[in-house]
2 protein chains.
Amino acid sequence: MKKLVFCLVLAVGVLHASHVLAEETGDKLMQRAQSQFEAIPPKVTSIKGIKLTPERVKLGKWLYFDPRLSRSWLISCNTCHNLALGGVDLQETSIGHGWAKGPRNAPTVLNAVFNIAQFWDGRADDLHAQAKGPIQASVEMNNTPERVVKTLKSIPQYVKLFKKAFPGEAEPVSFDSAAEAIEAFEATLLTPGSSFDQFLKGDARALNEEEKKGLKLFMDKGCSTCHHGINVGGAGYRPFGVMKKPSSEILPREDKGRFAVTESASDEYVFKVPSLRNIDLTPPYFHSGQVWDLKEAVAIMGSAQLGIDLTDDDIAAIVAFLKTLTGEQPRVEYPILPPHTEETPLPVTEIIAVETKKNGTEGH
Amino acid sequence: MKKLVFCLVLAVGVLHASHVLAEETGDKLMQRAQSQFEAIPPKVTSIKGIKLTPERVKLGKWLYFDPRLSRSWLISCNTCHNLALGGVDLQETSIGHGWAKGPRNAPTVLNAVFNIAQFWDGRADDLHAQAKGPIQASVEMNNTPERVVKTLKSIPQYVKLFKKAFPGEAEPVSFDSAAEAIEAFEATLLTPGSSFDQFLKGDARALNEEEKKGLKLFMDKGCSTCHHGINVGGAGYRPFGVMKKPSSEILPREDKGRFAVTESASDEYVFKVPSLRNIDLTPPYFHSGQVWDLKEAVAIMGSAQLGIDLTDDDIAAIVAFLKTLTGEQPRVEYPILPPHTEETPLPVTEIIAVETKKNGTEGH
């Protein structure tokens, strides 16, 4: 039933779109875009009412880059979400402790604060809940909350900064507060200033004709039915393969997506609609990471989600538009991390026999 | 014969030292230190007559942080020589492609430009020659020069920067010039301003009494016979275990050090004297990385190199002095790397069966 409604919405969208296509011109295109999308702001000042203090952001940055949050001391948040590379690792699916290959492609951390939830299946409500996942996942950082807290408590400079970041708390150094600090830092990882955002803000010349054609197609063909809002996606859940199921390489049948979270049959192969912000920087595509070419990814979305075969020209225009979603990448000073002490648990690099959980309970 | 002369030099040093110990006071200690050591400068402007241009340093920084120099796109220079962690990876021996464990501990990149040569066995004359090693080592980045050049040539922003960094060259993008650019960036990774350097520059109060006692012992007991100069080491080669061979855990018998380079019997178990700059930040110690505790490392050096059992008090003082060798860590902006293109060879993470070469022809 849910799927049917969804298809109807799409169909209506497509019909409506072809009507508008002919008559639409400059200002109207901008107005339509403004009604569906929103520019990335230069700054977020609070999340869920929590103030993002400089101390919390600083602590979060240390933690984000600190490989000692992993059992091996080799993997940090930045390993899979590399700020030098669009906030991803450019891997099909991420490689973690013991060179284990995780089940899903790493989503970008950039602008992730604007997503409705985190992970491909939305099993974490926010970045704070998300941050706790990879630290513990056997195929990622392979650590435990206890070991992380012991590590952080053994380093005086960390203890000092936790106290400043979480003033008045009885136990300022905790796994929870570490995750909250990481969330605070991640909330600063925004990419404002893209050509598309300049267009949204009223500069009609920020997009060229091909890019405008792509934007129009993006809305007309139905892409923006799912990929809308501030993150051009990231705002809801949809079945992957609603019109035509992609090959089992692209949609591995054992990963049922959100079904693992809700255990509702209607959530089989349902995933969070990924944000398309900075999409040009973050191949390979889809949760399986099997498609490196953005043109190919667009074609697959056409057939799998919209049931249409996009022409090469249309695909080229849509890709041209998608490239305008690349914003200014956040620049950060690489942190100098505080040294460990005799009390710090030492790194363990041994590969503990682990089974890669492909059912979506672990990994991105 | 060589060893005998070396022992005699040490013995004379020790005798002379105990005589001086009693009568030495403030100014004299400073003068003695100034005759054996040199402060780290804030900047190096040229290496071997090569000018370090801003373009070359910028390119070198990109390359240093770019994991796409490795076959897997997961390992960069910064993985083993992490600028957040004193320029090392804090591993016993480094972990590379396929989670392979390399044969030796990663020496710090900080101030490495002042070392007589690179790698534990000095098989690279300079940082330029060194940079080429790990990129190709099967247990490190596991790449080939051809693949690196193909990668760099496929990225327009890299090509542009290579042309700026190596103007007038017929082939600006080459494996050689990549290594030279990395060298240029690494030459900026200095740690001036340590307490010890402030003392060397005339501030008698930069060291406290315990640290001064440690400095005196360091010179008196014979440590500075090998660990002298700007890097408090890094200026020559010495056999490890000249007085007493350490256990085979600390001195693995299959790694004969410089012997693999010179094939001269007198170079068996000879290694480059490591720099002690920032030594407090860079455990575990020795080429085998088997000792995490600096006190223990000092005790081992006493027995192995000097044939003496240092007292706990003396060890504590020497360690207090060694901690004054920690300088200001270099702060860099984390680079935003240029995106790859359709022409870029994609990452390969498969583990190709490799045998870890423990004879010193590969690894740090």
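**Helix H5, chain B**

I started with what covers the buried residues of H5(B): the cover includes helix H6 (145-153) and helix H8 (175-186) of chain B. I took contact as heavy atoms within 4.5 Å. The model is predicted, so local features need pLDDT of at least 70 and side-chain atom pairs count only at pLDDT 80 or more, while totals for chains, interfaces and linings use all residues. Residues are numbered from 1 along each chain as its sequence is written, chains are lettered from A and ligands numbered from 1 in the order in which they are written, and side-chain values use heavy atoms, with hydrogens and water left out.

Helices (H or I, at least four residues) and strands (E, at least two) are DSSP runs, numbered from the N terminus. H5(B) spans residues 127-136, and its buried residues are Leu127(B), His128(B), Gln130(B), Ala131(B), Pro134(B) and Ile135(B). I used these cut-offs: buried is under 20% relative accessible area, exposed is over 50%, and partly exposed is in between (1.4 Å probe, protein chains only). Down the axis of H5(B), the buried residues fall within an arc of 155°, so they line one face of the helix. The arc is that of the directions from the helix axis to the C-beta atoms.

**Helix H7, chain A**

Next I looked up H7(A), residues 156-165. Tyr158(A), Val159(A), Leu161(A), Phe162(A) and Ala165(A) are buried there. Their arc around the axis is only 170°, which puts them on the same side of H7(A). The face turned away from that side carries the exposed residues Pro156(A), Lys160(A), Lys163(A) and Lys164(A). Helix H3 (54-65), helix H6 (145-153) and helix H8 (175-186) of chain A are among what covers the buried residues of H7(A).

I then checked how H3(A) packs on H7(A). The angle is about 145° and the axes are 8 Å apart. Axes are lines fitted to C-alpha atoms, for helices over the stretch in contact, and angles run from 0 to 180 degrees between N-to-C directions. The crossing of H3(A) and H7(A) is left-handed. Left-handed applies if the near helix is turned anticlockwise from the far one by less than a right angle, right-handed if clockwise. From H3(A), the contact takes in Glu55(A), Arg56(A), Lys58(A), Leu59(A), Trp62(A) and Leu63(A); from H7(A), it takes in Gln157(A), Tyr158(A), Leu161(A), Phe162(A), Lys164(A) and Ala165(A). By class, this contact has seven nonpolar, one polar and four charged residues. For the classes, Ala, Val, Leu, Ile, Met, Phe, Trp, Tyr, Cys and Pro count as nonpolar, Asp, Glu, Lys and Arg as charged, and the others, Gly among them, as polar.

**Helices H13 and H14, chain A**

I moved on to H13(A) (residues 294-306) and H14(A) (residues 312-323). They pack at about 115°, with axes 9 Å apart. That makes H13(A) roughly perpendicular to H14(A). The bands are under 35 degrees for roughly parallel, over 145 for roughly antiparallel, 65 to 115 for roughly perpendicular, and oblique for the rest. The crossing is right-handed. Leu294(A), Lys295(A), Val298(A) and Ala299(A) of H13(A) meet Ile315(A), Ile318(A), Val319(A) and Leu322(A) of H14(A). I noted seven nonpolar, no polar and one charged residue in this contact.

Most residues other than glycine have a negative phi, and most peptide bonds are trans. I searched for departures.

- Pro283(A) and Pro284(A) are joined by a cis peptide bond, omega about -10°. Pro284(A) sits in the loop between strand E4 (270-272) and H13 of chain A.
- Pro283(B) and Pro284(B) are also joined by a cis peptide bond, omega about -10°.
- Trp73(A) has a positive phi near 65°. Trp73(A) lies in the loop between H3 and helix H4 (77-80) of chain A and is buried at 2% relative accessibility.
- Phe286(B) has a positive phi of about 75°. Phe286(B) is in the loop between E4 and H13 of chain B and is buried at 12%.

**Two residues in chain B**

Leu189(B) lies in the loop between H8 and helix H9 (195-200) of chain B. I found Leu189(B) buried, at 0% relative accessible area. Not counting residues up to four places away in sequence, Leu189(B) touches Leu83(B), Val109(B), Leu110(B), Asn111(B) and Pro330(B).

Val261(B) lies in helix H12 (residues 259-262) of chain B. Val261(B) is partly exposed, at 36% relative accessibility. Leaving aside neighbours within four places in sequence, I found Val261(B) in contact with Asp121(B) and Arg123(B).
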